[in-house]
Amino acid sequence: MRSVTAILQKIFTTQFYIQNTGFFLVLFYFLFGVVDSGSLISYHKGLMMGFLEGPSFLLIVLALWALYCLKCVGFVMKVLQSQGYEFLYPAMGSMDKNRRLREWLLIHNAIYLPVWIYAGVAMMVGIRYHYYGSSIIILVFNVAMALWPLALYDRKLFQPDIFFFTGYLQRWINRRFTKPPVLYFLYELFTQFPRRILTAKLVSALMLWLTFFLMQQGDYFDLRGLQLGVMLSVLLHLQLLTHHRAFDDTWLNFMENLPISTFRHYTRMAAVYLIMWIPEMVMITVNAYTKTSVLSLLMVFCLALSLLMFFRALLYFPKMNNELHVRYVLLTCFVVLFMVLGHYEWLAILLLQVLSAIVFFSKYRRYEPYIES
Amino acid sequence: MPEPVIALHAVKKNYQDVPILDIPHLELPAGIYWLQGENGAGKTTCMKVMAGLIPFKGEIRLRGEVSSKDHPVAFRRLINYAEAEPFYPAFLTGRDLLELYLGTKGGDRQLIGEIAERMGVHIFVNNPVSTYSSGMLKKLSLLLAFTGNPAVILLDEPLITIDTRTLAIMYDLVRTRHANGVTFLITSHQPLDPEEVTITGTLRIADKNITLN
């Protein structure tokens, strides 16, 4: 019969490495694949000497290890919140505290092991070359990273309703703040699908950064170039739009019994995307406010919001599946692109807004999820 | 015949191509009605149609003047619904939902607070619904159905999963609200306790239609 430790390692550790195979392949490629085998040791020795000598480099390395630790914590918490793993609560909850902490220690450090190996080698190099201060910092930091999550896991076991790091803060907020319907979808994303929203936002920010970078390289600023970047950024939100429809279909059906006008539902939809696009608006403002007028910036934001609203409104056609949606989205982008190039942006915004409103007001009350047979 | 509280005219509901409801005409005066039917007969679909949760063909009128087609907001203000198996987004708390219902349907906030205390909902109202048991969710859903000033309250299988104390409170609420002119449509596979509530009529749903006995 397998031991409890082996079973828990199978549930957490094995699954972690299976699910992150792609991540580790990329990591190994950058750490070991980009250097020829003859100079591999000197390359890593040089890298380690770099952060053992330089405090700012060491700080960056520690930050990267902390991020990896958060990734490990996120994985364990996700498993504990996943359907089918509820048995872990009574099973682990019935162990005595010392044994439970030992199991958490083994689980967490088994998935934190890649950092331990690299940090261990770095510490040995540090001692060999008399960088005792840096070696001690690395040791203390990693011991902390190996221990603090245990308290969080153990707390989660006895307070399963904790989504994030502090249950107290969550309860305090719940008592004092009523979530408005406009934030429901964002709550869903941040509590249930944080990776999805963060990835979308990160890639979208990268797209805008690339847009500004290319214009800076060419030593010019063209509003049409920025709007092209904005359109691509909007396209990167498509997965969130279909997720929004699925969320409304699955969880918000009860709201149809509430006396809320179609206009209010429409403004809520617009506000969801306005809030969702705030990070991009801030980024564009910071990078472009000296290069263009306020009106032009407003036009760019209106275009992005109008595209998002129209693409979401299209999903009120019940038979609009992902494939059809992408087709209509690309067709719309094609038309809008030429309007932008011809400086007909306000007309494009007006048309998108009118079409969104027509689709929404004619479809909302009649909409029902379509089940493909 | 007294003035109907709820009247269904040529109500049809299909799921894709499959017809579920086809009710040419049904008028119900104020009362407490027990909606009966076998599993899959269309009881829940009928309630969802009446509550405005799902689209349908035809028209439903409340108090003779408020139409589901022409006055969708006023219609929803006059009809409340408690689902058989309620579920809400995991991150919402009972308080979030109560505030949403009180903010849109209106009603006496203090009275709802008192009912919440009687049912014991106030103990867990600040916790996310993901931590609720099925009984706690059912209590919350019943409480939400009594918010506002409805003319009709639809209760889908209210007898299941709740404890006997809450059941007595629910019967009491039905009696009190009915005395104030609220009409109830209740589905249940178990008979409603005749000592607790007096049924005005039994509605039978079969062959996609509803008949009043």
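Predicted model: local features only at pLDDT ≥ 70, side-chain atom pairs only at ≥ 80, totals over all residues.

Trainee: What does the side chain of A:Glu368 pair with?

Mentor: It meets the side chain of B:Lys13 in a salt bridge, at 2.6 Å from N to O. B:Lys13 belongs to strand E1 (residues 4–15) of chain B, and A:Glu368 to the segment after helix H18 (345–363) of chain A, so the pair joins two chains.

Trainee: And B:Lys13, buried or exposed?

Mentor: B:Lys13 counts as buried, at 3% relative accessibility.

Trainee: How many salt bridges cross between the two chains?

Mentor: The rule finds two across the interface of chain A and chain B. A salt bridge also forms between A:Lys179 and B:Asp96, whose closest N and O atoms are 2.5 Å apart. As a general point, side chains of opposite charge can pair when their charged atoms come close.

Trainee: How many residue pairs are in polar contact there?

Mentor: Twelve residue pairs are found in polar contact across the interface of chain A and chain B. On the side of chain A that touches chain B, helix H9 (167–176), helix H10 (184–192) and helix H13 (238–251) are the elements that give two or more residues. By class, that side of chain A has 16 nonpolar, nine polar and eleven charged residues.

Trainee: What area is buried between chain A and chain B?

Mentor: About 3000 Å² is buried between them, and carbon and sulfur atoms give 61% of that. In chain A, the residues that lose the most area to chain B are A:Phe254, A:Asn257 and A:Pro259, together 24% of what that side buries. The contact takes 36 residues from chain A and 35 residues from chain B.

Trainee: Let us return to salt bridges. How many are there over all chains?

Mentor: A search of the whole structure finds 13. One of the pairs is A:Glu323 with A:Arg327, at 2.8 Å from N to O. Both residues lie in helix H17 (residues 322–341) of chain A, four residues apart, which is about one turn of the helix.

Trainee: Is that pair of residues buried or exposed?

Mentor: A:Glu323 is exposed, with a relative accessible area of 53%, and A:Arg327 counts as exposed at 52%.

Trainee: Which residue does B:Lys139 pair with?

Mentor: B:Lys139 meets B:Asp163 in a salt bridge, at 3.3 Å from N to O. This pair links distant parts of the chain, 24 residues apart: B:Lys139 is in helix H5 (residues 134–145) of chain B, and B:Asp163 is in the loop between E7 and H6 of chain B. B:Lys139 is buried at 10% relative accessible area, whereas B:Asp163 counts as partly exposed at 34%.

Trainee: Which residues are linked in a network of salt bridges?

Mentor: B:Arg118, B:Asp172, B:Arg175 and B:Glu196 are linked in such a network.

Trainee: A new topic: how many disulfides are there over all chains?

Mentor: The search finds zero. Take A:Cys333: the nearest cysteine sulfur, that of A:Cys302, is 17 Å away. A:Cys333 is itself buried, with a relative accessible area of 8%.

Trainee: Where is A:Lys201, and what does its side chain make a polar contact with?

Mentor: A:Lys201 is in helix H11 (residues 194–217) of chain A. Its side chain makes a polar contact with the side chain of A:Glu280, at 2.9 Å. A:Lys201 is buried, with a relative accessible area of 15%. Leaving aside neighbours within four places in sequence, its contacts include A:His237 and A:Trp277.

Trainee: Lastly, what is phi of A:His130 near?

Mentor: Phi of A:His130 is near 65°, a positive value in a residue other than glycine. In general, most residues other than glycine have a negative phi. A:His130 lies in the loop between helix H7 (113–128) and helix H8 (132–158) of chain A, and A:His130 is exposed, with a relative accessible area of 55%.

Conventions. Residues numbered from 1 in each chain as written. Chains lettered and ligands numbered in written order. Heavy atoms only, no water. Contact = heavy atoms within 4.5 Å. Buried area = accessible area lost by both parts, 1.4 Å probe. Salt bridge = Lys/Arg side-chain N within 4 Å of Asp/Glu carboxyl O. Polar contact = N/O pair within 3.5 Å; in protein donor to acceptor, adjacent residues only side chain to side chain. Nonpolar A, V, L, I, M, F, W, Y, C, P; charged D, E, K, R; others polar. Buried < 20%, exposed > 50% of the residue type's maximum accessible area, 1.4 Å probe, protein only. Disulfide = S-S within 2.5 Å.
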